[in-house]
Amino acid sequence: MLFNEEIIDRNILSNKAYSVEEKRAVRAVIFNRNNILLMKVNDAEYKLPGGTAQPYENNMKALIREIKEKTGFVSCIIKENIGQVLERCVDRNNRDSICETVSSYYVCEVFGAPAETNLSVSEKLDRMEAVWITIDEAIEKNEIARKQNNSSEFLNREIMSLNQIKNEYFKLKTKEYDEKTKNL
C-alpha cells in the first residue's frame, strides 16, 4: 500500500463515550492518459467514484458495483490496492455516535463506452456526473471549494487522497518506467 491515512473529526470529545458505527468503503482510481475519472458534485467539487460496501459484499464486488452505478462502465479490471483512509466523525444524525469508515483505494482500468448510470436520488440532487479531468485541476477546484466554505463532508478526504495518488502512485510508476527503460 502506498498510503495509509487518518482523518479525525475535531468535534470528537476525548472525555465522552460514543457508540461507534463501522463502515467499509471502496474508491476507484481510474486513469486515461493524463486524466483521472472523478465524480463532479454540485458543479464544483470532485471525488473518486465509489461508496459504501454492503455487509454481504467483499471489496471487489462492491467496487465493480460502485463503478457501474456511478460511471456507467460495466467492464473493468481491478489492478491493485494502493491505499487506505480511516475517517472518524461525529454522526450528523446522532451526536452520541461516531461513524468510522475505512476507505480502500484501488487502481482500476475500464473498457468500452459507459452505459447508463444508476445514481441515488441524493446523488442526482447533487448533480453528480462522471468526468475526466487532470488530477491537478481536481485538487485545485476542491481547494477552492473548501476555501469558499462549500465544504462537503468528503472534500478533506478527496484533497488528501488525490494528493497521495499524485505524489506516491505517480512517483512509483515513473520509477518503474525508468527502471524498464534505462537499459534500452
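**Figure 1. D126 is placed in the loop between α2 and β8 (129-133).** Helices (H or I, at least four residues) and strands (E, at least two) are DSSP runs, numbered from the N terminus. The structure shown is a predicted model, in which local features need pLDDT of at least 70 and side-chain atom pairs count only at pLDDT 80 or more, while totals for chains, interfaces and linings use all residues. Residues are numbered from 1 along each chain as its sequence is written, and side-chain values use heavy atoms, with hydrogens and water left out. D126 is partly exposed because its relative accessible area is 30%; buried means under 20% relative accessible area, exposed over 50%, and partly exposed in between (1.4 Å probe, protein chains only). Between the C-alpha atoms of D126 and D96 the separation is 28 Å, and the two residues are 30 residues apart along the chain.

**Figure 2. Confidence along the predicted protein is expressed as pLDDT.** This value is the predictor's confidence in each residue, from 0 to 100. The protein has a mean pLDDT of 92, and 97% of its residues reach 70 or more. Confidence is highest in α1, at a mean of 98, and lowest in α4, at 85. Where pLDDT is low, the predicted coordinates should not be read in detail.

**Figure 3. The largest pocket has a volume of about 1400 Å³.** Rolling a probe the size of a water molecule over the atoms shows where empty space is left. On a 1 Å grid over the protein atoms alone, a pocket is an open set of points where a 1.4 Å probe fits, with protein on both sides within 12 Å along at least five of seven lines, whereas in a cavity the probe cannot get out; lining residues have an atom within 4 Å of a point. Grid points are joined across faces, edges and corners, and the volume is the space filled by probe spheres set on the points. The lining of the largest pocket consists of 42 residues, and E87, R92, E153, F154 and R157 lie nearest its centre. Elements that give two or more residues to this lining include β1 (3-8), β2 (19-32), α1 (59-71), β6 (75-90) and α4 (155-181). By class, the lining has 19 charged, 13 polar and 10 nonpolar residues. Here Ala, Val, Leu, Ile, Met, Phe, Trp, Tyr, Cys and Pro count as nonpolar, Asp, Glu, Lys and Arg as charged, and the others, Gly among them, as polar.

**Figure 4. The charged end of K47 sits over the ring of F154.** The distance from this charged end to the ring centre is 4.7 Å. A charge sits over a ring if NZ of Lys or CZ of Arg is within 6 Å of the ring centre and within 35 degrees of the ring normal. F154 is also among the residues that lie nearest the centre of the largest pocket.

**Figure 5. The structure holds two aromatic pairs.** One of them is formed by F31 and Y169, which are stacked, at 5.7 Å centre to centre and 0° between the planes. This pair links distant parts of the chain, with F31 in strand β2 and Y169 in helix α4, 138 residues apart. Rings of Phe, Tyr and Trp (its six-membered ring) pair if their centres lie within 6.5 Å; planes under 30 degrees apart count as stacked, over 60 as edge-to-face and the rest as tilted. F31 counts as partly exposed because its relative accessibility is 24%, while Y169, at 9%, is buried.

**Figure 6. N42 lies in the loop between β3 (35-41) and β4 (45-47).** Although N42 is not a glycine, it has a positive phi of about 55°. D43 is placed in the loop between β3 and β4, and its phi is near 60°, a positive value in a residue other than glycine. N42 is partly exposed at 29% relative accessibility, and D43 is partly exposed at 45%.

**Figure 7. K61 lies in helix α1, and V26 lies in strand β2.** K61 counts as exposed because its relative accessibility is 55%, whereas V26 is buried, at 0%. I64 is placed in helix α1 and is partly exposed, at 40%. From I64 to A28 the C-alpha distance is 9.0 Å, although these residues are 36 residues apart in sequence.
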